[in-house]
Amino acid sequence: MAGLAVAFAPLPVQPIRPQERTFQIEARQFAYSPSELNVNPGDTITIRLISTDVVHGLYVDGYDVSVEADPGQTATLTFTATKPGSFRFRCNITCGAMHPFMIGKLTVGANDWLFRSAGLAMVAVLGIVILVKRS
Amino acid sequence: MTKIELTRNTSIKNALISRYPQLAVFVVMLMGYIFAILAGLVGTPVGSHNFSIVFVWIAWWAILILVAVPFFGRGWCAVCPIPLPGEWLQRGAVLNPPDKKPKWFNLRWPKALRNIWLQNISFLLLALFSSVLLTTPNITGIVLAGMLFAAIGLSTVFERRAFCRYLCPVGGFIGLYSQTAPIELRIKDKRVCATCEGKPCYNGSTNGYGCPWDVFPGGLTKNTYCGLCMECLRTCPHDNIAVNMRPFSADLAKPSTRMDEAFKAFIMLGSAMIYAGVLLGPWGVLKDAAYNVGTSTWFIYAAVFLSTIFLVMPSFFALCVTRFENLNIFKKRFAMLSSALIPLGLMFWVAFSLSFVLTNASYILASLSDPLGLGWNLFGTAQTTWQPMLTSILAPGQTLALVGGLIWSSRTAQKAANEAKVSAIPVIGYCLIVTAVMLWLLL
């Protein structure tokens, strides 16, 4: 029961007025800079992707939106961060050997899933420790 | 849950005893393996379009870590093509044993090396170069070919499957995690083995070869070194060998006291965490360090990698062994308690692989039609565009794997601590901390 509560109970949400956020991200083999973005739910995000070497892309997991930038060029992607949580963004244009691992991270609001998972782990361990103590 | 003897079913038993079904799988696997080597060496250098990378590190890896190891233990070893050419050469036969003795050196493996330290080292060697290995087709081709030739070479010098038992970098961790699998090969009655003349399961007979894994089935108590090759099922004259279904992690009820196996658990646990950070994390500087082999940053990466696995993680774990009486007892307790890390390590790899595999699985279809990246379109799927799969279930799946692994490990820690006569709570605390780190790295 405690585990279910930790996993699924609704958390209090502090309403924050949505903003327009613009990030300039430089892409090079095989990294983004900055590679971690934090926004609030409801924010309108504009990503200006600048590729500094070869053609790179930026695909956002969970949002299924993407953009491609040619070398030296800037490409723009705009979307609204409607889904809270943590999402990986990754290069979707084959750009070299380490291409599958060219990854960044977008966090929309608090990373609730991480906190819930950690809470679930704590509850599980607590239950087992109580069992150990009793046995 | 009690054991269910699968070989009681005549159809299953006959299928396992007959060499032909196994040979058919072996031949397909060997052809795939040789093609992967060729694709790596002559195909496109673009990893995500080359059969060697896509089928070895995405398709095979997914099947191995998400299905084969958790549910069939050493099931992969039963059909692995790597030892085949060497074994055929060593035996001078492909199917049934010939009358004559092996014609090669047939030496015993050196006693000092009868452990899995060489497997630990071979895995770490690949792990340190993994960013290049996983992404560069010709390096994958060279490594696959190297493993094939090493197995052939060792088969001509040493008896049985020396490569599989003592050197294979994959076999080491499959053996470790096979202890958790719900399948086993065991004898039915110890007394039958004790009185059996000639021990054909170990020495061979006209019906089959002596155990290729250098194991006497009569003494089998865990899966670690049984390759499920089924030779003993063929040679046992008393019908005393059974393949059973059993509860998960049954072997861990009696934890090992060996330090080579204990360190295997740390190597696998630590590697999964480091890979999660380096390969799946957003930190470009780590990727650069791991990929640029030979540079000063790579040496720092290698030093951090090795010290995390051999110093940091074991040192903190040693604090869990709360009682120190003398060094031998301490080492024994350390090794026994480290068995708690085996389910957790397996689940770390499952969680890591879920992310990697679901993201890149769409390359499989394209590579199937154009395995060498030469512009072919054999099955009309060459133009399949890259698209991550099932991303909505990824985070819940990873949480399930990691928290499930934590619970599984905590229960294992309880049993190991009872055997070692120490408290399980510090070990459970250790498992909780490393799980929290892994959650942070993946989610």
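Here is a short chat about chain B of a predicted model.

Colleague: Before we start, what should I know about the model and its numbering?
Modeller: The model is predicted, so local features need pLDDT of at least 70 and side-chain atom pairs count only at pLDDT 80 or more, while totals for chains, interfaces and linings use all residues. Residues are numbered from 1 along each chain as its sequence is written, with chains lettered from A and ligands numbered from 1 in the order in which they are written.

Colleague: What is the radius of gyration of chain B, and why call the chain compact?
Modeller: Helices (H or I, at least four residues) and strands (E, at least two) are DSSP runs numbered from the N terminus, and chain B has 21 helices and 3 strands. The globule rule, 2.2 Å times the number of residues to the power 0.38, works on C-alpha atoms, as the radius does. For 443 residues it gives 22 Å, so chain B is as compact as a globular protein of that length, its radius of gyration being close to that at 22 Å.

Colleague: Which residues of α6(B) are buried?
Modeller: Buried means 20 or more other C-beta atoms within 10 Å of a residue's own, with C-beta atoms placed from the backbone. By that count, the buried ones in α6(B) are B:Q119, B:N120, B:S122, B:F123 and B:A127.

Colleague: Which strands stand at the edges of the sheet?
Modeller: Strands pair if DSSP finds at least two bridges between them. The open sheet runs β1-β3-β2 in chain B, with antiparallel pairing. Each edge strand has a single partner, so one side lacks a neighbour in the sheet; these are β1 (4-5) and β2 (183-187) of chain B.

Methods: Buried ≥ 20, exposed ≤ 12 C-beta atoms within 10 Å, placed from the backbone.
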